[in-house]
Amino acid sequence: MIIDAILSPEFLNATLRATTPILFATLASAVAAKCGIINMALEGIMLFSALFGVLFSAMFQSGLMGLLLTMVMGGLIGLLLAFFVLRLKTDAILAAIAINLIANGATILILLMLSGDRGVSSSVNSVPLPRISIPVIENIPYLGAVISNQNVLMYVSLIMVAVVHIFLYKMPLGLRIRAVGENKNAAESVGISSKKIQYIALVISGVLASMGGFFLSGGYMTYFTTGMTAGRGFIALAASSMGGNTPVGGFSVSLLFGAASALSNILQLGNWPYELIQMIPYVTTIIGLAIYSYVRMKKRQKLSER
């Protein structure tokens, strides 16, 4: 029965696993949005990071080194996006689309040039990050099966929700990012360099997105495959928007989309049409955005009537 499968600890375990890359990208989107720029390049950053995570971890035979270098690459791509948008005055959406399109072709080309593999990094001996068994909790019935024995980046993603929240709402740099996003002219009037702050925010956004990309090839799977992000960057944009571009709100919506992704995996074991199953995460995103837009419209109507 589907209901029994959904209530099982294995389903909740899979939900947390599926939520992790979306959550990292959602946090990345939230940081960028707070500075007044929508980072639509999340899909491309995650795809590049999934590839470079495999290559770097294989090069140094270390999952941790692979993650750190991938974070650097993500930050550089975020810096590149900021350069095009802030220095060259390119439209942010067009610049992001260009990065996404380049990522689709460049990752295939780079993988082919460096390993000879076409589409899947089968010959690359990458090193994924380990799973962690939490003492005491792993022995608790049901709860242990849900929380314990997850990849280390899953736990990091949960910690990052609190870290990003504290950063944006308690730390001076985070407050400046929000000030620039809310009113750039007012921020500059008190001596804040809006361009500098936006550069920093987009670099941070790139780093967070790269962690989600690394998880795909170094946690969720142990190899890179063409297009493995499968729209998660765009789903994260929706999750961030629906969550009010806040870490906590984005986390709650990311869980919803993670559950939809886990549900699609469960239904593959049945006799459901494969094409219909693959649509579930994306249909959930569309329905969620539709409900979110309707609620916002009703709120605006009530405010205008007052």
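Guide: Leaving out residues up to four places away in sequence, Ser217 touches Ala50, Val54, Thr222, Tyr223, Phe224 and Met228. Ser217 is found in helix H10. The model is predicted.

Visitor: Why is Ser217 called buried?

Guide: Its relative accessibility is 4%. Buried means under 20%. Ser217 therefore counts as buried.

Visitor: What makes the pair Ser217 and Ala50 a polar contact?

Guide: A polar atom of the Ser217 side chain lies 2.6 Å from the backbone oxygen of Ala50. The cut-off is 3.5 Å. The distance therefore falls within it.

Visitor: What is Phe224 in contact with, beyond its neighbours within four places in sequence?

Guide: Among its partners are Leu47, Ala50, Leu51, Val54 and Ser217. The list also includes Thr107, Leu111, Gly119, Val120 and Ser121.

Visitor: Which residues touch the most other members of the largest nonpolar core?

Guide: Leu153, Leu208, Phe224 and Phe257 do, in a core of 66 residues. Helix H3, residues 42–60, gives this core its largest share, 12 residues.

Visitor: Which residues lie nearest the centre of the largest pocket?

Guide: Ala230, Arg232, Ser261, Asn265 and Gln278, out of 16 lining residues. Helices H10, H11, H12 and H13 each give two or more residues to the lining. The space in this pocket is about 360 Å³.

Visitor: How many residues of each class line the largest pocket?

Guide: The lining has nine nonpolar, six polar and one charged residues.

Definitions and conventions: Residues numbered from 1 in each chain as written. Predicted model: local features only at pLDDT ≥ 70, side-chain atom pairs only at ≥ 80, totals over all residues. Heavy atoms only, no water. Core = buried A, V, L, I, M, F, W, Y, C linked by side-chain atoms within 4.5 Å. Buried < 20%, exposed > 50% of the residue type's maximum accessible area, 1.4 Å probe, protein only. Helix = DSSP H or I, 4+ residues; strand = E, 2+ residues; numbered from the N terminus. Contact = heavy atoms within 4.5 Å. 1 Å grid on protein atoms, 1.4 Å probe; cavity = no way out; pocket = protein on both sides within 12 Å on 5 of 7 lines; lining within 4 Å. Points joined across faces, edges and corners; volume = space filled by probe spheres on them. Nonpolar A, V, L, I, M, F, W, Y, C, P; charged D, E, K, R; others polar. Polar contact = N/O pair within 3.5 Å; in protein donor to acceptor, adjacent residues only side chain to side chain.
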